[in-house]
Amino acid sequence: MLKIDNLHASVEDKSILKGINLEVKPGEVHAIMGPNGSGKSTLASVIAGKEEYEVTKGNITFDGEDIEELAAEERAHKGIFLSFQYPIEIPGVSVTNFIKTAINESRKAKGLEDMPAKDMLKLIREKADLLEIDRKFLSRSLNEGFSGGEKKRNEIFQMAMLDPKLAILDETDSGLDIDALRIVANGVNKLKNKDNAVVVITHYQRLLDYIVPDFVHVLYNGRIVKSGGKELAHELEEKGYDWIKEEVNA
Amino acid sequence: MDLKEKLLSSYLVFEDHVDMDTHIHNLRNDAIKIFEEKGFPTKKEEDWKYTSLNKILKEDYSVFPKQENAIEYNDVKKYFIHDIDSYKIVFIDGKYSSHLSQTTHDGMDICLMSAAFTKPKYRLVIENYFNKAASKDSLSSLNTAFSSEGAYIHIPKNKLVEKPIQIIHFSTGNEAATMLQPRNLVVVDENSHVQIIERHQSLTSNAVLTNSVTEIFANKRAIVDYYKIQNDNSNASLIDNTFIKQKQESVASVHTFSFGGKLTRNNLNFYQEGERIDSTLKGVTIIGDNQHVDHNTLVHHIEPNCESHQDYKGIFDENSTGVFNGKVVVEKEAQKTNAFQANNNILISDKATINTKPQLEIFADDVKCSHGCTIGQLDESALFYMQSRGIPKKEAKALLMYAFSNNVLNSVKIPEMKQRITKIIANKLGVNLGFDL
């Protein structure tokens, strides 16, 4: 599904990703871990198509298609979803109107009519229930004045609505208390099936107790320096990142 | 002949067509003298530092446009808020159009200045109010000198005017260039409530210069909501001089939506002559091309315990320029004044310019006054956020602009008006968001 080959990327001439190789197949859950500043969020942004990041070498294909030239919205239309570490506040645009716009723009791109209002409402209710989101919440301005937990839940709600093939969850666990974490993880697990894939970017192993990865990769200094199964996450939790750094620097 | 000379000599012709033996005409005579003395404002004047009239004054304006072309309602329907029942006072090239208008004398007067100037039953109101709020600056004086037509609205006390009043000035461009000087008077007596929508619209690409004066009197506990839609074509310029005098406990608001025109200058002045008065001045400006919009506001706090709220949002693209000059004066007697002012701007292009200048003159010591202005760009990370959800960049930008304007849009009290503004913005940005905010 997603194939990243020798990816180099920089922002404002500062080289951040220095040769990433990663393949994600349908049905898989990958976790990308690593210390601060290792390039985790950059990798997520580059896959999602943030303009400020320049791919200097290598390539990214999605379902066999090179996506490097595609705008962020075109990647979204192909089924890539990025859950933001810091979701943006948009005052004056309600959660409902925002997600309606997002869904109908995706449909428009595929040559489909707008989703009938009745179906939209039904879908919104169903997904809101899945994430235990209060209906009143849906008429509030997007992310404005939301708590950290509400923002993240709203991200996963949007993911549920958009039903992506590939979901990248960037530090979705940060700022979540244990109950919110469980709700969010539950939501992700219920959305998971054999045809879609999830990439979880996280600092800590905590979220991985709930969203269990098939593969764990350690990103350090712009490269994936170690890959393994879910037990690698436990090892990192126990020993920290220093031994990895030492291994790499040796 | 330059425009000033032309206007001065036209005044003599104008006098042939009006009753010179009236109180009004004395005011006109005084006013033309002021204009003769001061002339058109130039950039040397502090209040005109960022707005030059030079270019638009070069046209050879016809000062007395010929009789109008007939306009059919269906051809201009789109310029009305047509999905609501309303009173309408419509002018074509400065002349009243009875077939497009819907006026009334039933318990209130929603009609014409020309009638108010000449009929005895209006004499008292005219004597008490006409030219009592307008300042003696050169442009307002020029309008006063030529004042003969416009909207006349008098709402007696304890009256809730259930339908909004739409005042629309069309110009048909019969002449190569037309100058119009409408004069409106709005008097709202004790406890009454009125909503007014005003629009100036040119129907051709010939040059139009409108120098408009509107005087509004909100008497004790009156509520006046005034909306200005400025979305004219790129050869039409507007100098809008609006003066609002408020008495005790009255509530007045002016919303100005500036989306078009070549040059637009809004001189908006509030005078608070009583206690516990509330004044609101809000505006959204979204322009591009070589357009220029200048908001020059004044709130004069004269008595204690009053409030004013100013909130102006501007979005400037291409080579457009914006000016915000907001003056708040708090007199020594005006203790416990709450005066707020905000001016936020987004520059979309590198070539767009905004000059923003808050001016606070506070002589009282127990007041709350705040002002803030910002100039920024569209938030790139917000754009990326929306794009990552599948919303294309153009639509994402539009959504951000709506969000940016939302505070102002939200205080529009006529839902159809709010929808219309939303649609005008959507058209302007070339998007269809499929929902109203």
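What follows is a conversation about one residue and two interfaces in this predicted model.

Student: Why is Phe81(A) called buried?

Tutor: Phe81(A) has a relative accessible area of 1%, and the term applies to values under 20%, so Phe81(A) is classed as buried. As for its place in the chain, Phe81(A) belongs to strand 6 of chain A, which covers residues 80-83.

Student: Which residues is Phe81(A) in contact with, once neighbours within four places in sequence are left aside?

Tutor: Among them are Glu155(A), Met159(A), Leu162(A) and Ile168(A), and the list also includes Arg389(B), a residue of chain B. Each of these has heavy atoms within 4.5 Å of Phe81(A), because that is what contact means here.

Student: What makes Glu51(A) and Lys393(B) a salt bridge?

Tutor: The side chains of Glu51(A) and Lys393(B) meet at 3.1 Å, N to O, and the criterion asks for a Lys or Arg side-chain nitrogen within 4 Å of a carboxyl oxygen of Asp or Glu, so the pair qualifies. Across the interface of chain B and chain A, two salt bridges are found by this rule, along with 10 residue pairs in polar contact, both residues of a pair being at pLDDT 80 or more.

Student: Which element gives the largest share of the side of chain B that touches chain A?

Tutor: Helix 8 of chain B does, with seven residues. That side of chain B divides into 11 nonpolar, six polar and five charged residues. In total, the contact takes 22 residues from chain B and 33 residues from chain A, and the two chains bury about 2,300 Å² between them, with 64% of this area on carbon and sulfur atoms.

Student: What else describes the interface of domain 1 and domain 2 of chain B?

Tutor: The rule finds 14 residue pairs in polar contact there, both residues at pLDDT 80 or more. Strand 14 of chain B gives the most to the side of domain 1 that touches domain 2, with five residues. The area buried between the two domains is about 2,800 Å², of which carbon and sulfur atoms give 75%.

Key:
Residues are numbered from 1 along each chain as its sequence is written. Chains are lettered from A and ligands numbered from 1 in the order in which they are written. This is a predicted model: local features need pLDDT of at least 70, side-chain atom pairs count only at pLDDT 80 or more; totals for chains, interfaces and linings use all residues. Side-chain values use heavy atoms; hydrogens and water are left out. Helices (H or I, at least four residues) and strands (E, at least two) are DSSP runs, numbered from the N terminus. Buried means under 20% relative accessible area, exposed over 50%, partly exposed in between (1.4 Å probe, protein chains only). Buried area is the accessible area (1.4 Å probe) that two parts lose on being put together, summed over both. A polar contact is a pair of N or O atoms within 3.5 Å; within protein, one must be able to donate a hydrogen and the other to accept it, and residues adjacent in sequence count only if both atoms are side-chain atoms. Ala, Val, Leu, Ile, Met, Phe, Trp, Tyr, Cys and Pro count as nonpolar, Asp, Glu, Lys and Arg as charged, and the others, Gly among them, as polar.
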